[in-house]
Amino acid sequence: MNEPPIFIIDSLIGKLGILLFLCALKCLVGASPLEKLLHLPNVHESTFYRRASGDRVECILCERRCIIPFGEYGFCRTRLNINGRLYTVVYGALSAIEGRPIEIKPFFHYWPGSTALTFSTWSCNFNCPWCQNWTLSKVSPSPDKMEYYDPLDIVNLAVQSGDEGLCASFQEPTLLTDWNIDVFKIGREMGLYACYVSNGYMTLEALKALQESGMDGLKIDIKGDSEVYEKFCGGIDLEKIWRNVNEAKRMGFHVELVNLVITGTNDDEECLRGIIERALKEAGPDTPIHFTRYYPAYKFDKPATSIRTLEKAYEMARSMGMQYPYIGNVPGHRYEHTYCPNCHELLIKRYGFSVIRYNITEDNKCPKCGFSINIRGKYIRRK
Ligand code: SF4
Ligand code: SF4
């Protein structure tokens, strides 16, 4: 019985003919507008996606896990489905780049005194109406109008500028992850640290890939309780953020938490207490927690946070067991310094984003009582 194979070959020849015809037609007509984007350096196949049904794809970069049909973007408008593959349109498409003190992030226990070359792209996966960087985070990227930066050039710039590290910040850095990973890998070879200032909504797949690229610093925003996230941030599952806090600590990241305390929104005692309780449980008492002052921005015009409210949050955190609470955006306040959790010795004196005095031993202990202080990296003394 040799007939069936002849039939198959016959049918294959027919299919081959149709394929050749379609190819010829495409050559005549040219690439589609979407396919033309594939030639741009900032349009890059994403590392973080799975095929879904039909020609749809599932983005697994952040916990929104968008299912994206052919020709469409995900929620953040940085991921585009072209022919059943997922592409980032912001690979190396930077919106800002600047060397900045690490204290401004704020990171107070990570490479104190150092500077990090800091960069960002466009857009965000959250909707916060108080966004302080809304001129970057509320912009939908146009793939063919982006300025592209090569990973090696960025690392060279950091080294030439005398920065000790690299930091993705300003808008949500998760959206720049494919490019950040390439930058961080090169940076690690050149002795630079790498960190994120993030809303903490990346998937565990992304977190793991970032760690493998050399990133070891993670600042996570806690914006309030689940009601605040639901009402203001666009249907975000707060549990995923606390899971990431816990997982990042377990994986060995240096983690700091930031709560932007917003007047009449997340500044009541119950909300603040809930954040502190959860921080203790998921991150542990040695994790720095910053209560930062809000100022009106974007669509929010509530008055700036009262300093007394920030002080209450600080005092509550300390009395509940957090060892390193801070107040942020209030330069000169006594609660922006680091005190020994054991003997209360003044260990790091700051003014705003500058370290004025550093009083911790080389092996990260209090010089007075020997208590171990949670510090990652070296203190960089600026001249
Ligand atoms: S990164 Fe963007 S496209 Fe991907 S899941 Fe998150 S919001 Fe959706
Ligand atoms: S997560 Fe951050 S960058 Fe994004 S909208 Fe909210 S405040 Fe802005």
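In the predicted model, Arg77 lies in the loop that runs between β4 (67-68) and β5 (79-82). Arg77 is not a glycine, yet its phi is positive, at about 60°. The peptide bond joining Lys105 and Pro106 is cis, with omega about 0°. Most residues other than glycine have a negative phi, and most peptide bonds are trans.

Two helix pairs were examined for their packing. Two packed helices are described by the angle between their axes and the distance between the axes. For helix α4 (residues 151-161) and helix α5 (residues 177-189), the angle is about 50° and the axes are 9 Å apart. On the α4 side, the contact is made by Pro151, Leu152, Ile154 and Val155; on the α5 side, by Trp179, Asp182, Val183, Ile186 and Gly187. Sorted by class, the residues of this α4 contact with α5 are seven nonpolar, one polar and one charged.

The other pair consists of helix α9 (residues 269-282) and helix α10 (residues 307-320), whose axes cross at roughly 40° and come within 10 Å. This angle makes α9 oblique to α10. Here too the handedness was assigned: α9 passes α10 in a right-handed crossing. Helix α9 contributes Glu269, Leu272, Arg273, Ile276, Glu277 and Leu280, which meet Ala313, Met316, Ala317 and Met320 of α10. The contact of α9 with α10 comprises seven nonpolar and three charged residues, with no polar ones.

At the level of the whole chain, the domain assignment gives domain 1 (96-332) and domain 2 (337-383). The centres of the two domains, taken over C-alpha atoms, are separated by 22 Å. Contact between the domains involves 26 residues of domain 1 and 22 residues of domain 2. The size of an interface is often given as the accessible area lost when the parts come together. Between domain 1 and domain 2, the buried area is about 2100 Å², and carbon and sulfur atoms give 54% of this area. Of the area that domain 1 buries against domain 2, 25% is supplied by Trp111, Pro112 and Tyr324, more than by any other three residues.

How values were computed
Residues numbered from 1 in each chain as written. Chains lettered and ligands numbered in written order. Predicted model: local features only at pLDDT ≥ 70, side-chain atom pairs only at ≥ 80, totals over all residues. Heavy atoms only, no water. Axes fitted to C-alpha atoms, helices over the stretch in contact; angles between N-to-C directions. Helix = DSSP H or I, 4+ residues; strand = E, 2+ residues; numbered from the N terminus. Contact = heavy atoms within 4.5 Å. Nonpolar A, V, L, I, M, F, W, Y, C, P; charged D, E, K, R; others polar. Parallel < 35°, antiparallel > 145°, perpendicular 65-115°, else oblique. Left-handed = near helix turned anticlockwise from the far one by under 90°. Domains from an automatic or database assignment. Buried area = accessible area lost by both parts, 1.4 Å probe.
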